[in-house]
Amino acid sequence: MRAFSYERATTPEAAAAAAVATPNAKFIAGGTNLLDLMKLEIEAPTHLVDVNGLGLDTVEPTDDGGLRIGALVRNTDLAADAQVRRDYPLLSRALVAGASGQLRNKATTAGNLLQRTRCPYFYDTNMPCNKRNPGSGCAALTGVSRQLAVIGGSDACIATHPGDMAVAMRALDAVVETVDAEGATRAIPMAEFHRLPGDEPERDTVLNTGEFITAVTLPAPVGGRQIYHKVRDRASYAFALVSVAAIIHPDGTGRVAFGGVAHKPWRVEEAEAEMPNGARAVAARVFADAAPRPDNAFKLPLAERTLALVLAEAKE
Amino acid sequence: MTIHDMPKGRTDGAVRFVVNGKTVNLTLDHRVTLLDALREHIGLTGSKKGCDHGQCGACTVMVNGRRINSCLSLAVMHEGDEITTIEGIGTPDALDPMQDAFIRHDGYQCGYCTPGQICSAKAVLEEIRQGIPSHVTADLDHVTFSDAEVRERMSGNLCRCGAYSNMLNAIREVEAGK
Ligand SMILES: Cc1cc2nc3c(=O)[nH]c(=O)nc-3n(C[C@H](O)[C@H](O)[C@H](O)COP(=O)(O)OP(=O)(O)OC[C@H]3O[C@@H](n4cnc5c(N)ncnc54)[C@H](O)[C@@H]3O)c2cc1C
Ligand code: SF4
Ligand code: FES
Ligand code: FES
C-alpha cells in the first residue's frame with residue numbers, strides 16, 4: 001500500500017472541498033472495497049477523507065411518500081430497516097444476497113454503489129487493463145470472460161458492475177443525491193448513474209472528481225411481488241453470475257433489472273411491456289443487442305431462465 | 001513503472017480506542033489496519049490474518065457490538081471505538097459458552113479460523129435475536145433460528161479444515177442453552 005495523509009471530514013461540503021483540494025484524494029466510508037484495492041495498489045490515493053463522522057446514517061420518509069437513505073447507512077441496517085422491509089423488500093433481498101454479515105456491517109450505501117468491478121484482469125496488476133491503467137489494453141477481450149459483460153461493453157472494456165444493491169435500486173427508480181465542493185447539489189437517476197465503458201472505462205459513473213454522495217432516494221412504494229434472485233457459483237458469499245430484480249403485479253405487468261450482465265444494472269423499460277407474455281419475450285427484447293463471448297454466452301439463457309423462475313414464483 | 005504522487009501531509013496519526021475494556025493510545029502509520037494494530041502493536045494475536053482481503057473472516061472482531069473484518073478497516077478510523085477480540089470474549093479459565101461449546105463439539109481442527117468463527121457465531125445469535133434478515137429468511141419480518149440461518153450467516157467465515165458441521169452443532173447448543 002502507498003503512504004497517504006488522512007483527515008476526518010465534518011460536513012459533506014467540507015468533505016467534497018477536501019477531496020478537490022488534494023489531487024488524487026479519495027473518500028473512505030466502510031473501506032471494504034477501497035482498502036482491498038489499495039493493498040493491491042490498484043487504487044493509490046495520496047490522501048483519504050474519512051466520511052464516517054458525517055452522520056448521514058438514517059432512513060427518513062420523504063414528502064412525496066418515498067424514502068431518503070443516508071449515504072452512510074450500513075448495508076445491514078438498510079436491509080433490516082422496517083420501512084424498507086415492508087415497502088421495498090426487493091432492496092432488502094438484494095442487500096442480504098451480497099457479501100457477508102461482517103462486510104454488510106461496514107459497507108455503506110454510497111460505497112456499495114461505487115464498488116469497482118471484479119473483472120479478474122482488473123485485479124491482476126500484471127495484466128493490461130484499460131479500466132485500471134487507461135490505454136494499456138483489455139486482457140479480458142482475449143482472456144477468460146466467464147464473469148464479464150454480455151451487453152453494453154466496448155472494444156476497450158467488457159467489465160460488469162458486480163453489485164447487487166444497485167440492481168434493485170435501478171428497478172425501484174432510485175435517485176442518487178450529491179453535493180460538490182461549491183455546495184452545488186444534483187439528483188442523478190440510477191439509470192444514468194453508472195456509465196457504459198465506451199472509450200473511457202476508467203470512469204464507472206457520472207460523478208465528477210470530489211463529488212460527494214449524500215443520499216439515495218426512493219420514490220413512493222410501487223407494491224407488487226418483489227423478488228431478487230441471484231445465481232452464483234456457491235450458495236453464499238459470491239458475486240452474481242446473473243441476478244434478476246423484479247417487481248411483478250397481479251395482472252402480470254411489472255419491471256425487471258438484471259445484474260451481472262453489463263457495466264451497469266441492465267434494465268430496458270420498453271421490454272417491460274412484454275412482462276405478461278413471459279420470460280422469453282422479455283429477454284428477447286432486453287438482450288436484443290447482446291454481444292456475448294464464448295465463455296459467457298451461457299449468461300443469456302441463464303438470465304432468461306432466472307426470470308422465468310422469478311415469474312413463476314410471483315404466481316405462487 | 002508509474003511515478004506515484006507523494007502525500008503532502010503526515011502519513012501517520014494518533015488514535016485512541018478501547019480493546020477488551022482497556023484504553024489504548026497509539027500513533028500509527030495510516031496504512032496500519034485494525035487487524036495489524038491488534039496483532040503487531042497491541043500483542044493480541046488471537047485474531048488471525050487469513051487473506052487480508054475480506055474473503056475469509058479469520059480476522060473477525062467486534063466493534064461497538066458488531067462483527068467486522070478487521071483486515072479491511074484502518075486503525076486510525078476507530079477513534080473512540082470499543083473493540084472486542086477473542087481474548088476479550090473469554091479466557092482458558094473463564095470460557096465463554098460459545099468457546100466451551102466449540103471445544104466440546106470439536107468445532108475446529110487446526111484452529112486457525114476459530115477465533116473469527118467464534119466472534120461471528122456469537123454475533124450471528126445476536127443478529128437473529130435482533131431480527132436482522134438474511135438471504136435465507138423466508139419472511140423478512142420473522143427471523144427465527146434455524147440450521148439454514150446459521151449456515152448462511154456464517155458464510156463469511158471459511159474453514160479450510162471443514163469443521164463446519166461441528167461448529168453448527170456447537171452454535172445450536174449455545175442457542176438452545178439460553
Ligand atoms: C469478499 C467480498 C465479497 C463481496 N461480495 C459482494 C456481493 O456478493 N455483492 C455485492 O454487491 N458486493 C459485494 N462485495 C462488495 C461490498 O458490497 C463493497 O465492498 C461495499 O459495498 C463498499 O462499501 P464501503 O462503504 O465499504 O465502500 P468504500 O470501500 O469505503 O468506498 C468505495 C468507493 O466509494 C467511494 N465513496 C464512499 N462513500 C462515498 C460518498 N459518500 N460519496 C462519494 N464517494 C464515496 C470511495 O471513495 C471509494 O472509491 C464484496 C466485498 C468483498 C470484500
Ligand atoms: S474488461 Fe475492463 S476491467 Fe476487465 S481487463 Fe478489460 S478493461 Fe480491464
Ligand atoms: S483476514 Fe480479514 S477476511 Fe481474511
Ligand atoms: S479449523 Fe482449520 S481452518 Fe478452520
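**Close-up 1. A hairpin in chain B of the predicted model.** Strand 1 and strand 2 of chain B form a hairpin, with two residues between them. In the turn, B:Asn20 has a positive phi of about 50°. Strand 1 covers residues 12-19 and strand 2 covers residues 22-29. Eight bridges pair the two strands of chain B in the antiparallel sense.

**Close-up 2. Strand 1 of chain B beside strand 5 of chain B.** Strand 5 spans residues 82-84 of chain B. Here the pairing is parallel and rests on two bridges. B:Val19 stands opposite B:Ile83 of strand 5.

**Close-up 3. Helix 3 against helix 6 in chain B.** Helix 3 (residues 97-104) and helix 6 (residues 164-177) of chain B have axes that come within 8 Å and cross at roughly 140°. Helix 3 of chain B is therefore oblique to helix 6 of chain B. The crossing is right-handed. Helix 3 of chain B contributes B:Pro97, B:Met98, B:Ala101, B:Phe102 and B:Arg104 to the contact. Helix 6 of chain B contributes B:Met167, B:Ala170, B:Ile171, B:Glu173 and B:Val174. By class, this contact has eight nonpolar and two charged residues, and no polar ones.

**Close-up 4. A five-stranded open sheet in chain A.** The strand order is 4-5-8-6-7, and the pairing is antiparallel. Strand 4 (59-61) and strand 7 (185-189) of chain A stand at the edges. Each has a single partner strand, so one side of each is left without a neighbour in the sheet. On average, neighbouring strands of this sheet are turned by 25° against each other, direction ignored.

**Close-up 5. Strand 6 and strand 7 of chain A, with helix 1 of chain A on the sheet.** Strand 6 (residues 175-179) and strand 7 of chain A run antiparallel and are joined by five bridges. A:Val176 has A:Ile188 of strand 7 as its bridge partner. Helix 1 (residues 12-21) of chain A packs on the sheet, touching strand 6 and strand 8 (212-218) of chain A. The direction of helix 1 makes about 135° with that of strand 8 of chain A.

**Close-up 6. A β-α-β unit in chain A.** Strand 2, helix 2 (residues 34-39) and strand 3 of chain A make this unit, which is right-handed. Strand 2 (residues 25-28) and strand 3 (residues 47-50) of chain A pair in the parallel sense over four bridges. The bridge partner of A:Lys26 in strand 3 is A:Leu48.

Terms used. Residues are numbered from 1 along each chain as its sequence is written. Chains are lettered from A and ligands numbered from 1 in the order in which they are written. This is a predicted model: local features need pLDDT of at least 70, side-chain atom pairs count only at pLDDT 80 or more; totals for chains, interfaces and linings use all residues. Side-chain values use heavy atoms; hydrogens and water are left out. Axes are lines fitted to C-alpha atoms, for helices over the stretch in contact, and angles run from 0 to 180 degrees between N-to-C directions. Angles under 35 degrees count as roughly parallel, over 145 as roughly antiparallel, 65 to 115 as roughly perpendicular and the rest as oblique. A crossing is left-handed if the near helix is turned anticlockwise from the far one by less than a right angle, and right-handed if clockwise. Contact means heavy atoms within 4.5 Å. Ala, Val, Leu, Ile, Met, Phe, Trp, Tyr, Cys and Pro count as nonpolar, Asp, Glu, Lys and Arg as charged, and the others, Gly among them, as polar. Two strands pair if DSSP finds at least two bridges between them. A crossover is right-handed if, with the strands pointing away from the viewer, the path from the first strand over the helix to the second runs clockwise.
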